[in-house]
Amino acid sequence: MAKPQISYTCQSCGARFPKWSGQCDGCGEWNTLQEEAPLSAGPGKALKGARGRKLALTDLSAKEAPPPRTASGLEELDRVLGGGLVPASAILVGGDPGIGKSTLLLQAAARFASGGLRTFYISGEEASAQVRLRAARLGLTGAPVQLATETSLRDIMTTLDEERPDLVVIDSVQTMWSDNVDSAPGSVSQVRATAQELTTFAKRRGAAVILVGHVTKEGQIAGPRVVEHMVDTVLYFEGERGHQFRILRSVKNRFGPADEIGVFEMTGGGLAEVTNPSALFLSERGTPAPGSVVFAGIEGTRPVLVEFQALVAPTPHSQPRRTVVGWDGGRLAMILAVLESRCGIPFTGLDVYLNVAGGLKVGEPAADLAVASAILSAREDVALPADCVVFGEISLSGALRPVGQMENRLKEAAKLGFSSAIAPAGGKISGRGDMQLREMPDLTAVVGEVFGAG
């Protein structure tokens with residue numbers, strides 16, 4: 001039998017190479033390649049279906065019941081999970097340091113434990129006394145949560161096999177180490193092996209496992225991307241340190257909709273739910289001013305209203321600045337190019353600043369028209385009416401494209417007291433109620449009819 005060939009894995013990006021070199025060709029980092037032995041080729045077994053039974057897709061009943069769920073009582077968390085916690089599921093939660101991941105999961109563990117689940121909270125970053133102090137601050141000292149502080153994967157798995165918990169929280173997966181992997185904790189090999197072992201335990205024992213993951217400076221979960229493929233659900237906990245709002249966003253969910261968000265507010269007593277995020281994001285909005293536009297967006301299945309703020313000012317530099325917070329900077333450059341090329345609105349010698357109020361990150365193309373309106377409002381010094389919302393996608397030709405769920409956007413706006421909207425023409429709206437809708441065919445019409453420019 002041929003001897004298994006040794007490979008080398010980059011500890012920064014996870015790329016694999018047949019021989020060692022000083023620099024990784026994948027990410028450009030130096031001295032990150034470490035030797036890694038492949039799995040030995042042993043005797044295999046015949047493939048079987050679920051629980052060892054051969055199974056064909058035609059054998060599946062069309063009336064299969066959905067997986068049972070356990071609600072935590074935190075409605076925002078249950079919404080992001082797709083309705084509650086599913087047994088035998090693996091969940092990965094990532095976020096910036098100090099954003100509140102441990103606080104959220106300790107509160108969730110206490111809720112699940114109070115609801116009857118046998119819950120274990122295993123911390124590899126903090127001592128048990130530190131976790132107890134946090135629990136006392138949150139008022140959770142009476143919750144029946146089993147607490148352990150350990151980093152050895154072998155000891156953790158032995159305990160879990162004996163105790164048979166319903167829910168396990170691992171904080172964090174980068175601190176765990178397996179003694180059969182010859183590398184340091186937090187390396188690509190250790191993270192992959194640890195995540196694989198814990199995910200296998202979840203499927204084998206029917207327990208739900210929540211893994212906390214560190215993030216890189218780019219905001220991605222550290223370690224190999226294969227970890228995100230292993231688990232069933234990937235959640236990101238987002239927020240700006242200058243704001244008290246926190247956003248729990250689902251980017252992958254095998255048991256529910258992706259891109260769903262839950263909104264929390266950081267308080268002295270922990271994270272509090274925000275059941276009406278639109279009202280919260282608009283709570284600090286004062287008298288309408290040039291550059292301020294309210295966008296009616298959709299996050300997952302929930303309509304959310306947020307305020308876009310723009311500032312256009314003469315630049316003292318030879319190269320104008322384009323600064324964006326909470327939106328895609330490349331898309332801003334595209335909109336500025338469309339305004340200049342299709343509508344005759346020049347931005348030469350002008351700095352452009354764009355901000356999404358409240359710390360929310362908006363990613364859908366339906367915000368194009370709101371961004372363009374905010375920039376035009378700031379440049380022409382014309383404020384939109386206080387009761388107006390804007391949404392629509394802009395094409396490179398300057399045409400406005402209809403977006404999805406227009407009716408839900410208008411209903412959410414009407415619920416918060418808005419009575420008019422600017423939207424693309426041709427959208428499917430069955431009922432608009434008392435909402436006055438100004439339908440625009442292209443961006444040139446918006447520039448001329450709303451702002452009197454162009």
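In this predicted model, the side chains of Asp-368 and Arg-331 meet in a salt bridge, with 2.8 Å from N to O, where a salt bridge is a side-chain nitrogen of Lys or Arg within 4 Å of a carboxyl oxygen of Asp or Glu. The pair links distant parts of the chain, since Asp-368 belongs to helix H9 (residues 368-380) and Arg-331 to helix H8 (residues 329-342), 37 residues apart; helices (H or I, at least four residues) and strands (E, at least two) are DSSP runs, numbered from the N terminus. Asp-368 counts as buried at 0% relative accessibility, whereas Arg-331, at 22%, counts as partly exposed; buried means under 20% relative accessible area, exposed over 50%, and partly exposed in between, with a 1.4 Å probe and protein chains only. Salt bridges that share partners join Arg-331, Asp-368, Glu-393 and Arg-401 into one network.

Residues are numbered from 1 along each chain as its sequence is written. Local features need pLDDT of at least 70 and side-chain atom pairs count only at pLDDT 80 or more, while totals for chains, interfaces and linings use all residues, and side-chain values use heavy atoms, with hydrogens and water left out.

Leaving aside neighbours within four places in sequence, the contacts of Glu-393 include Arg-331, Asp-368 and Arg-401, together with Pro-365 and Pro-424, contact meaning heavy atoms within 4.5 Å.

The open sheet has seven strands in the order E15-E16-E14-E13-E17-E20-E21, with mixed pairing, two strands being paired if DSSP finds at least two bridges between them. Strand E15 (322-325) and strand E21 (436-440) stand at the edges with a single partner strand each, so one side of each is left without a neighbour in the sheet. Strand E17 (residues 388-390) and strand E20 (residues 420-424) pair in the parallel sense over three bridges, and Val-389 stands opposite Ala-421 in E20.

The structure holds 18 salt bridges. One of them joins Glu-163 to Arg-118, the closest N and O atoms being 2.4 Å apart; Glu-163 lies in helix H4 (residues 153-163) and Arg-118 in the loop between helix H2 (101-114) and strand E5 (119-123), so the pair ties together parts that are 45 residues apart in sequence. Both partners are partly exposed, Glu-163 at 31% and Arg-118 at 34%. In another salt bridge, Glu-238 meets Arg-249 at 3.3 Å, N to O, and here both residues are buried.

A search of the whole structure finds three cavities of 30 Å³ or more. On a 1 Å grid over the protein atoms alone, a cavity is a set of points where a 1.4 Å probe fits but cannot get out, and lining residues have an atom within 4 Å of a point; grid points are joined across faces, edges and corners, and a volume is the space filled by probe spheres set on the points. The largest cavity has a volume of about 60 Å³, and its lining includes Leu-77, Leu-105, Phe-112 and Ile-210. Helix H2 gives the most to this lining, with three residues.

How values were computed: 1 Å grid on protein atoms, 1.4 Å probe; cavity = no way out; pocket = protein on both sides within 12 Å on 5 of 7 lines; lining within 4 Å.
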